[in-house]
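Please load the model in your viewer and keep the selection panel at hand.

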Amino acid sequence: MTPAPVHIAFTVSAEVADALKDRRPVVALESTIISHGLPRPRNHEAAKEFEQILRDAGVTPATIAVLDGVPQIGLDADGVRRIAQEDLAKASVRDLPMLAASGASGATTVAATAHLACLAGVRVFATGGLGGVHRGASSTFDESADLSTLAVTPVTVVSAGVKSVLDIAATLERLETLSVPVVGYRTTVFPSFWLTESAFTIDWSVETAAQVAAIMRSRDALGLGQGMVVANPIPRHQQWDPIEHDRVLIEALDAADAAGMHGKAVTPFLLGFIVSASQGRSLEVNLDLARNNVRLAAEIAIEWSALGA
Ligand code: PSU
Ligand code: MN
């Protein structure tokens, strides 16, 4: 009788596995932002640059994607090229078992990346913007699985808040309901991705990466299984022109409506529309804020590993 095929649940790259074994700092990076959030060929440069920022800080990058059915925590150079150049499915948590069982590939969202990072023991994650509650969600029920996943996944996500294409107030309410801590990095105003500020304040802020690591340790000690959002605003001198932002945002939301966008196509559609309608100006801001988030995540991971947790 032939033995049943051995099913590989997920793989951790040698580099990431070594770093985790030695308790050296590791930061997870998502692949949907590369495959679906940034245009080619800048997306490939960005994927390599985010990894390099981490390496320069002495932190091991763990870019996460599903390749040929295998969730991978830590990609080699060819894996990074594939997430940038191949037409990969956008994969949230619920897509993982189908990709794995069918041998297909997928770019992981914040939700799926956070889940896989946690499986491997990576506790700090940098992205651009977290998904959230979409405008009109009271009738469409469109709320990103990023939120419900963070409620059950103890990963610290560094994000420039959420995009103004979303319903920011509703997103903050849902994070409260789901008991996901939100702390501002040197601010009590929740950022809105391309802009330094939104109209909403948050209760807690920290001044240092070490404070974030201390909160993570307390969270673990209290037996809480939630993740945490570190809201890192883009510095004011780097933000997108608010007037152009407001104009393009309205155009983008109208275009998504007119095109009948729904489900997981909404976010990539809006991002693509906004990049072209702003002649790439929003893209530069998007890259700047993502770099800032990667740098802060590196500091947090270093402090976290210093705690020996
Ligand atoms: N924010 C960005 N760029 C992105 C995304 C969010 O700045 O590419 C992606 C992330 O992968 C996030 C996903 O998890 O969009 C949310 O999609 P949805 O709204 O369909 O859950
Ligand atoms: Mn959705």
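Predicted model: local features only at pLDDT ≥ 70, side-chain atom pairs only at ≥ 80, totals over all residues.

Residues are numbered from 1 along each chain as its sequence is written, chains are lettered from A and ligands numbered from 1 in the order in which they are written, and side-chain values use heavy atoms, with hydrogens and water left out.

**Stop 1: two helix pairs**

Select residues 242-258, which form helix α11, together with residues 266-277, which form helix α12; the two pack at an angle of about 135°, with their axes 9 Å apart. Helices here are DSSP runs (H or I, at least four residues), as strands are (E, at least two), numbered from the N terminus. The axes are lines fitted to C-alpha atoms, for helices over the stretch in contact, and the angles run from 0 to 180 degrees between N-to-C directions. The pair α11 and α12 is therefore oblique, given that angles under 35 degrees count as roughly parallel, over 145 as roughly antiparallel, 65 to 115 as roughly perpendicular and the rest as oblique.

Now show the side chains at this contact (heavy atoms within 4.5 Å): Val248, Glu251, Ala252, Leu253, Ala255 and Ala256 from α11 meet Phe269, Leu270, Phe273, Ile274 and Ala277 from α12. Divided by class, the contact of α11 with α12 has 10 nonpolar, no polar and 1 charged residues. In this division Ala, Val, Leu, Ile, Met, Phe, Trp, Tyr, Cys and Pro count as nonpolar, Asp, Glu, Lys and Arg as charged, and the others, Gly among them, as polar.

Next select helix α3, residues 42-56, with helix α4, residues 77-85, whose axis comes within 8 Å of that of α3 and crosses it at roughly 140°. Here Asn43, His44, Ala47, Lys48 and Glu51 of α3 meet Val80, Arg81, Ala84 and Gln85 of α4. The contact of α3 with α4 divides into 3 nonpolar, 3 polar and 3 charged residues.

**Stop 2: salt bridges**

How many salt bridges does the structure hold? There are 19 salt bridges in the structure, each one a side-chain nitrogen of Lys or Arg within 4 Å of a carboxyl oxygen of Asp or Glu.

Stay on α3 and select Glu45 and Arg42, whose side chains meet in a salt bridge (3.7 Å, N to O); both residues lie in α3, 3 residues apart, about one turn of the helix. Glu45 is partly exposed at 45% relative accessibility, and Arg42 is partly exposed at 26%. For these labels, buried means under 20% relative accessible area, exposed over 50%, and partly exposed in between (1.4 Å probe, protein chains only).

Move to Arg174 and Glu143, which form a salt bridge at 2.9 Å, N to O. Arg174 lies in helix α9 (residues 168-177) and Glu143 in the loop between α7 (137-140) and α8 (145-150), so the pair ties together parts that are 31 residues apart in sequence.

Then select Asp288 and Arg291, a salt bridge whose closest N and O atoms are 2.8 Å apart; both lie in helix α13 (residues 281-306). Asp288 is partly exposed, with a relative accessible area of 23%, whereas Arg291 is buried, at 16%. Finish this stop with Glu244, Arg247, Glu251 and Arg281, which are linked in a network of salt bridges.

**Stop 3: two buried positions**

Centre on Ile202, in the loop between β9 (182-185) and β10 (204-206), which counts as buried at 9% relative accessibility. Leaving aside neighbours within four places in sequence, the contacts of Ile202 include Leu172, Val183, Phe190 and Ala231.

Then go to Val110 in helix α6 (residues 110-120), buried with a relative accessible area of 3%. With neighbours within four places in sequence again set aside, Val110 is in contact with Glu30, Phe125, Thr127, Gly129, Leu130 and Asp146.

**Stop 4: backbone details**

Display the backbone from Arg40 to Pro41, where the peptide bond is cis, with omega near 0°; Pro41 lies in the loop between α2 (32-37) and α3. Last, select Asp68, which has a positive phi of about 50° although it is not a glycine, and Arg186, also not a glycine, with a positive phi of about 60°. Asp68 is partly exposed at 46% relative accessibility, while Arg186 counts as exposed at 51%.
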